[in-house]
Amino acid sequence: MSSFLNASVGRKFLVSISGLFLITFLAVHLAVNLFLLAGQEAYNMAAHFMATNPAIKIMEPALALGFLLHIVVSAYLTVTNQGTRPQKYSMVDQRKTSSWPSRNMFVLGLLILIFLALHLSNFWYKMKFGGVAYIEYDGVQVQDAYTLVTGKFVIWWYALIYVAGAVFLRLHLLHGFQSAFQTLGLSNQLWYKRLTVIGTVYALIIAAGFAIIPVWFLAGTFLN
Amino acid sequence: MDIKLKIWRQEGPKSEGSFVDYNLTGVSKDMSFLEMLDFLNKKLIENGDDPVVFEHDCREGICGSCALFINGRPHGPDDLVTTCELRMTKFNDGDTIVIEPWRAKSFPVIKDLVADRHAFDKIMEAGGFISVNTGSAPEANSIPVPREKADEAFDAAVCIGCGACVAACKNSSAMLFVAAKVSHLALLPQGRAESGKRARAMLAKMDELGFGSCTNTGACEAECPKGISLAHIARLNREFLKEGFRS
Ligand code: SF4
Ligand code: FES
């Protein structure tokens, strides 16, 4: 056990599986969010389903753990890697040999973490610990999450922060997706190319999907 | 042609180094990069100065000793070549060439452009071998090896241990080197049996010696003079993980 977790590759394994878990979560999260575009009742019912579904309830702490593991272990590895070249090169040209996101995963992760803190305090905290009005559909009382969320997205700088968050996420996924499989050894010369393509498409879908929602509501204020 | 050189000079392992500028006139395009340095050293010696110390041996891309970081890239601006295979045709009259040693905590500079790469030997000693006595050369067909496996093992075996992968990596990780060695042996029947244990042992040594961990940026593959592929790192990870919690 210890020889596994003491090894850098063993620790990377933790970053990789937690990363893949978070990648899956993003797809579910986006799917629910897209109900926002379908209107108030559709979204509120979807949010209600997520908040009351026992399977989702179990996943919530797992998700928190996934985030924690991903952040703590990768931060640890990043710090360790900082010390491996005490004397820097006077001239180094990495632009042709590696991608910008691949070299800046920690910075991107940090930006996403800041976004996440803001995001959780805006929505998740309020939905979880009150402060959201209730609305009734067919005799069922549900939180009016729709009004809470769209109320924020019509503020231009809120919308901008959310679009920026989506951009950071895209860049993080651009490297992270392919990298997660590489670390698990699930890659070879052919699959490396395939995974890069799949990862690029996935990153774009996730980022565009999340970004389109605030843009949609903000645009709505101009059209009305 | 005339070349401006900025070369890292360092007295010894403990001393502070710095860049020294040299204007080298009369360089021929026909020279190899190392011949250009020989030419510089000849002039330095004639002037009673200390020649620049750099490593070289075979000068035909097979020994891996010529480790120079040239203009921001290991082995210089050309792809898939070692420093000794680099030609002065890649440079122009009036160019400035910055030459540094490999820089990594695990590769301390001994003098001028020479970095101590014994750490690679220590990684090899930790598991880069087959632990049974293989005796004299066996009859070629007694252990059949499928063609693709043999080819892939050979692709890994061409690693010359130059350390450009470490030099290029932002984390100074030795993953590509270790991957080449583990892959080479794991693909062949004689090495297969111990491959999980070998991956564990070599990686543990790599970590212990202060090399960084891999973040899959791919800089190593892009700079490796022998074109060792990232696919070998995936195999190394596989071998490591397959060993599970056994050791
Ligand atoms: S993997 Fe490539 S760059 Fe690294 S030591 Fe071997 S030949 Fe040199
Ligand atoms: S001197 Fe042997 S590889 Fe360059």
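In chain B of this predicted model, the axes of helix α5 (residues 175–186) and helix α9 (residues 231–242) come within 8 Å and cross at roughly 70°. The two helices α5(B) and α9(B) are therefore roughly perpendicular to each other, a term that covers angles of 65 to 115 degrees. Axes here are lines fitted to C-alpha atoms, for helices over the stretch in contact, with angles running from 0 to 180 degrees between N-to-C directions.

**Helix packing in chain B**
- On the α5(B) side the residues that meet α9(B) include B:Met175, B:Leu176, B:Val178 and B:Val182, where contact means heavy atoms within 4.5 Å.
- Their partners in α9(B) include B:His232, B:Ile233, B:Arg235, B:Leu236 and B:Glu239.

**Fold of chain A**
- Chain A has nine helices and two strands, which are DSSP runs (H or I over at least four residues for helices, E over at least two for strands).
- From the N terminus, the order of elements in chain A is α-α-α-α-α-α-β-β-α-α-α.
- The C-alpha trace of chain A spans about 65 × 45 × 35 Å along its principal axes.

**Burial and charge in chain A**
- Of the 224 residues in chain A, 43% are buried, that is, under 20% relative accessible area with a 1.4 Å probe and protein chains only.
- Chain A carries 14 positive side chains (Lys and Arg) and 6 negative ones (Asp and Glu), and the centres of the two sets lie 27 Å apart.

**Basis**
- Residues are numbered from 1 along each chain as its sequence is written, and chains are lettered from A and ligands numbered from 1 in the order in which they are written.
- Local features need pLDDT of at least 70 and side-chain atom pairs count only at pLDDT 80 or more, whereas totals for chains, interfaces and linings use all residues; side-chain values use heavy atoms, with hydrogens and water left out.

Methods: Buried < 20%, exposed > 50% of the residue type's maximum accessible area, 1.4 Å probe, protein only. Charge placed at Lys NZ, Arg CZ, Asp CG, Glu CD. Parallel < 35°, antiparallel > 145°, perpendicular 65-115°, else oblique.
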